[in-house]
Amino acid sequence: MRKKLAELVARYADAKFLPPLSAEELAAVEEKIGVELPEDYRAFLVEVSRGEEDTGSAFLLPPEDGLLCLTPDASPAAPFPFGEDAVEELRQRIAKKKRGADEPALDGPWNGALPLMDHGDGEYDCLVLHGPERGRMWKYWDAGWAPICVVKKGVAEPVPFLDWVEDHIKDLLGSAPPPIKPNAKEIRLISLGLTAVPPAVFEAVGAEELVLATNQIAKLPPELTKLTKLRVLSLADNDLREVPAWIGDLRALERLYLSGNKLESLPDTIGRLGCLQRLTLAKNGLRSLPDTLGELQRLVELDLRWNALAALPEAGDGLAALRVLKLAGNPLRRLPAWIARTSIEDLELEKLPDLDLDQALAVLADLPTLRTLDISPPLRGVPPTVAGLRQVTWLKLVGLGLKDVPREVLSLENLEMLSLDQNELTSVPDALFQMPRLKTVVLFSNPITRDEVARLQERWPQIKIEHG
């Protein structure tokens with residue numbers, strides 16, 4: 001069993017276990033406690049580990065730290081306060097306990113046991129040092145004492161130290177990074193509570209995909225530049241406050257995910273990522289972007305949602321391949337002219353309260369690839385420049401407070417679908433249904449009556465009208 005535990009500890013990739021005690025250190029600990037420790041626990045301390053580093057949550061206390069948890073009137077050298085009959089009766093009560101009922105406990109002094117785990121709020125897992133329960137694990141909390149048990153077939157079986165510590169280490173392994181092989185091509189360490197990149201990652205120099213999403217990583221180590229073949233790097237939903245300048249050395253990167261961090265800026269070296277096709281930066285605190293972003297000639301998707309960007313870089317002529325641009329949730333005032341020289345097909349102008357819509361539509365009128373445009377709140381109304389969007393096939397004018405269909409919209413000869421949801425329309429002009437390529441009109445959540453919709457549908461059966 002002890003060999004097995006040593007192997008489990010060795011597999012725990014976060015390496016939070018402290019080295020074992022020497023024989024001299026063990027003797028000093030036992031002298032301080034005032035009693036010889038149970039055999040299995042002694043062997044664990046000198047063959048496997050003295051305990052864990054302080055991780056801020058429930059962890060295996062070194063014995064000297066366990067002593068610090070005791071109250072002044074508690075004594076591990078004193079007899080354990082309960083006899084065999086009281087313990088057996090309590091175990092029977094535990095075995096019969098119904099779900100949701102209070103846990104049975106015995107009231108007695110905090111004597112004859114050593115705390116091995118602090119769960120917080122005065123709750124401890126303790127190793128009994130005396131009597132028939134010696135070597136077994138008990139819980140001590142404000143309700144008193146109760147043995148840690150495994151209930152099987154109506155019997156509450158005691159849990160000895162080795163079983164208890166094995167379960168704890170297996171729990172750690174369940175939430176710890178899996179072993180990383182040096183020849184790994186794909187490394188996925190997601191939602192593991194990591195605060196740093198595990199060193200084993202740096203040895204996988206041939207890795208092409210590294211996913212460290214949803215952790216607590218605050219800083220990126222330069223050793224990541226060893227991964228010269230890396231094509232995908234995901235650091236979404238971490239605690240990053242900066243992207244180091246060496247990021248530009250990862251020249252093979254095609255996808256870089258940095259959403260959900262605490263970034264306020266990017267280094268100029270981002271422009272060196274000549275292979276980059278997708279860059280996600282949503283939900284940060286970005287206030288500006290470097291002009292070198294415009295040098296990413298292969299970039300296809302750029303997600304900038306929910307930042308603090310009042311402006312986009314003026315230099316962007318290198319972004320001709322860009323097809324997807326997400327801007328929602330920024331205090332943007334205008335769109336730069338280079339957007340008209342991209343390959344964007346679908347664009348949403350939503351949750352952009354400061355945007356000069358007239359200026360933005362003038363830029364988009366020169367974007368030949370644009371097919372779908374969504375104009376949504378808090379923007380209100382539609383300026384005359386919408387007439388310049390003759391290339392658009394689907395126009396979404398949702399929640400803009402429209403009482404009439406803007407006449408400029410009626411001039412969009414390539415329009416195939418018009419969404420007018422959540423406006424204040426009570427009627428729709430016949431001229432709308434005479435547009436040469438129109439196939440669908442969406443009128444959900446407008447005060448237009450069903451009778452009027454039925455009349456329009458009867459008159460213009462070739463046009464699909466969605467209403468409800």
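Helices (at least four residues) and strands (at least two) are DSSP runs, numbered from the N terminus. Everything in these views comes from a predicted model.

View 1. For context, most residues other than glycine have a negative phi, and most peptide bonds are trans.

**View 2. Tryptophan 306 is another non-glycine with positive phi.** Here too phi comes out at about 55°. Tryptophan 306 belongs to the loop that links strand S12 (301-303) with strand S13 (324-326). With a relative accessibility of 39%, tryptophan 306 is partly exposed, because that class lies between the 20% and 50% cut-offs.

**View 3. A cis bond joins two prolines.** Going from proline 377 to proline 378, the peptide bond is cis, and omega is near 10°. Proline 378 is part of the loop between strand S15 (372-375) and strand S16 (394-397).

**View 4. Strands S1 and S2 make a hairpin.** S1 covers residues 113-120 and S2 covers residues 123-128; the two run antiparallel and pair over six bridges. Across the pair, alanine 113 faces valine 128 of S2. Two residues separate the strands, and aspartate 121 in that turn has a positive phi of about 55°.

**View 5. Cysteine 69 has no disulfide partner.** For cysteine 69, the nearest cysteine sulfur belongs to cysteine 126 and is 8.5 Å away. Cysteine 275, by contrast, is partly exposed at 25%.

**View 6. Stepping back, here is the whole chain.** The chain has 10 helices and 19 strands. Its radius of gyration is 33 Å, whereas a compact globule of 468 residues would come in near 23 Å. Along the principal axes, the C-alpha atoms fill a box of roughly 95 × 55 × 35 Å. Among contacts with a separation of 6 or more, 41% are between residues 24 or more positions apart. The accessible surface is about 22,200 Å², and carbon and sulfur atoms account for 47% of that.

How values were computed: Residues are numbered from 1 along each chain as its sequence is written. This is a predicted model: local features need pLDDT of at least 70, side-chain atom pairs count only at pLDDT 80 or more; totals for chains, interfaces and linings use all residues. Side-chain values use heavy atoms; hydrogens and water are left out. A disulfide is a pair of cysteine sulfur atoms within 2.5 Å. Buried means under 20% relative accessible area, exposed over 50%, partly exposed in between (1.4 Å probe, protein chains only). Two strands pair if DSSP finds at least two bridges between them. The radius of gyration is taken over C-alpha atoms; the globule rule is 2.2 Å times the number of residues to the power 0.38. Contact means heavy atoms within 4.5 Å. Accessible areas come from the Shrake-Rupley method with a 1.4 Å probe; for residues, only the protein chains shown count as cover.
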